[in-house]
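This report describes the strands, helices and selected residues of one protein model. The sequence and the structure are shown first, and the description follows.

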Amino acid sequence: MTNDVSTLAFTQAAMRLEADAIYKLADDMPADFMPLIQRILGTSGRLIVSGIGKSGHIARKIAATCMSTGTPCMYLHPAEASHGDLGMIQRDDICLLVSNSGETRELSDIIAYTRRFNIPMAAISAKPDSTLIKAADYKLILPPFKEACPMGLAPTTSTTVTLALGDAIAIALMVERGFQAEDFQVFHPGGKLGAQLARVGEIMHGADTIPVVSADMPMPEVLIAMTSGGFGVACVTQDDILLGIVTDGDLRRNMDDLMARNAGEIATLDPVTVQIDTLAVSALAIMNNSKITALVVVDDAKHPVGMIHLHDLLRAGVA
């Protein structure tokens, strides 16, 4: 029985082995990689990804990543394909088949179908002379590597490298399409990620809820406006343009002669603001850095159009 130290050393070596294989792939990308990317970008159909066993799990992940980053894509189980689901592959689709050995017999019906109907087919395999690679239009051949498994049998390095290549396909398609954070949110509207990708305009309170006062308004009236707004602040404007903001802190700093002054004299001028299309997570960062709990939302002309409070971000799941 091995001790903990030797086991840890072996597992660290295994991880380095897998990492080295990814570096080798990055330094010598398959020649057909970019031609495949351009073919996928040019098709009006979907990317159909298939594999079985461990390769099937990787194929599912490749399909899921592509789907969530703007590429119409689906995973097709090869056994189901052989029992009627081949009809899911359309003439304008592209197939990507995953098999480390390139001799997975369960893929044979999909291979034959793509050849029969002239459907473009790409393959990921470590065996350049395999049946799968020979049949493929786009050959994504993995570099030579050793499996990290102690017996060299369990798919370890092979699945890691294949997964990295699948991620590279998805990333290349994102770059070529100019995929942005706002596009990402369309496919991830739920959960923490969706909340962080939300825009301020989706969370803020509208312009009709903002306490707005003029610079010459006496402070007793300003206090009434602040109280009625519920934000603990009042926006000071002139000709509908934001000049400053009166906060609880401004009140405390000017307690001595507060009631004898007006809003313009008390306000913090040129306050920190955000715009409607600011990411909610960016608004949270601004609040944290400025040690404030509310932000006025303005348009390009500095007209107040809304208000966002820390509590709004908490309710939305951003914080």
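A residue is called buried when its relative accessible area is under 20% and exposed when that area is over 50%. The model discussed here is predicted. With a relative accessible area of 0%, Cys 66 falls under the 20% limit and is therefore buried.

**Cysteines**

No disulfide is found anywhere in the structure: the search returns zero. Cys 66 accordingly belongs to none, and the nearest cysteine sulfur, that of Cys 73, lies 4.7 Å away.

**The five-stranded sheet**

Five strands make up an open sheet with parallel pairing, in the order E2-E1-E3-E4-E5. Its edges are formed by strand E2 (73-75) and strand E5 (138-141), each of which pairs on one side only. On average, and with direction ignored, neighbouring strands of this sheet are turned by 15° against each other. Strand E1 (residues 47-50) runs parallel to E2 and is joined to it by three bridges. Within this pairing, Val 49 has Tyr 75 of E2 as its bridge partner.

Two helices are placed against these strands. Helix H3 (residues 54-68) packs on the sheet and touches E1, E2, strand E3 (94-98) and strand E4 (121-125). The direction of H3 makes about 160° with that of E2. Helix H5 (residues 108-116) lies across E1, E3 and E4, and runs at about 155° to E3.

**Packing of H3 and H7**

H3 also packs with helix H7 (residues 157-177), at an angle of about 20° and with the two axes 9 Å apart. Angles under 35 degrees count as roughly parallel, so H3 is roughly parallel to H7. The crossing of H3 past H7 is right-handed. On the H3 side, the residues that meet H7 are Lys 54, Ile 58, Lys 61, Ile 62, Thr 65 and Cys 66. Their counterparts in H7 are Thr 159, Thr 162, Leu 163, Gly 166, Asp 167 and Ala 170.

Leu 173 is another residue located in helix H7. Leu 173 is buried because its relative accessible area, 0%, is under 20%. When residues up to four places away in sequence are not counted, Leu 173 touches Ile 37, Ile 40, Leu 41 and Thr 71. Between Leu 173 and Gly 56 there are 117 residues of sequence separation, and their C-alpha atoms are 21 Å apart in space.

**Strands E7 and E8**

Strand E7 (residues 212-214) pairs with E8 in the parallel sense over three bridges. Val 212 has Cys 235 in E8 as its bridge partner. Strand E8 (residues 233-238) is mostly covered, as five of its six residues are buried.

**The four-stranded sheet**

A further open sheet consists of four strands in the order E6-E13-E12-E11, and here the pairing is mixed. Strand E6 (205-206) and strand E11 (273-274) are its edge strands, each pairing on one side only. E6 and strand E13 (residues 304-309) are paired in the antiparallel sense over two bridges, and His 205 stands opposite Met 307 in E13. Helix H14 (residues 280-290) packs on this sheet, where it touches E11, strand E12 (294-298) and E13. The directions of H14 and E12 make an angle of about 130°.

**Residues with positive phi**

Most residues other than glycine have a negative phi.

| Residue | Phi | Loop | Relative accessibility |
|---|---|---|---|
| Asp 240 | about 65° | between E8 and strand E9 (241-247) | 57% |

Asp 240 counts as exposed because its relative accessibility of 57% is over 50%.

Key
Residues numbered from 1 in each chain as written. Predicted model: local features only at pLDDT ≥ 70, side-chain atom pairs only at ≥ 80, totals over all residues. Heavy atoms only, no water. Pairing = 2+ DSSP bridges. Axes fitted to C-alpha atoms, helices over the stretch in contact; angles between N-to-C directions. Contact = heavy atoms within 4.5 Å. Disulfide = S-S within 2.5 Å. Buried < 20%, exposed > 50% of the residue type's maximum accessible area, 1.4 Å probe, protein only. Parallel < 35°, antiparallel > 145°, perpendicular 65-115°, else oblique. Left-handed = near helix turned anticlockwise from the far one by under 90°.
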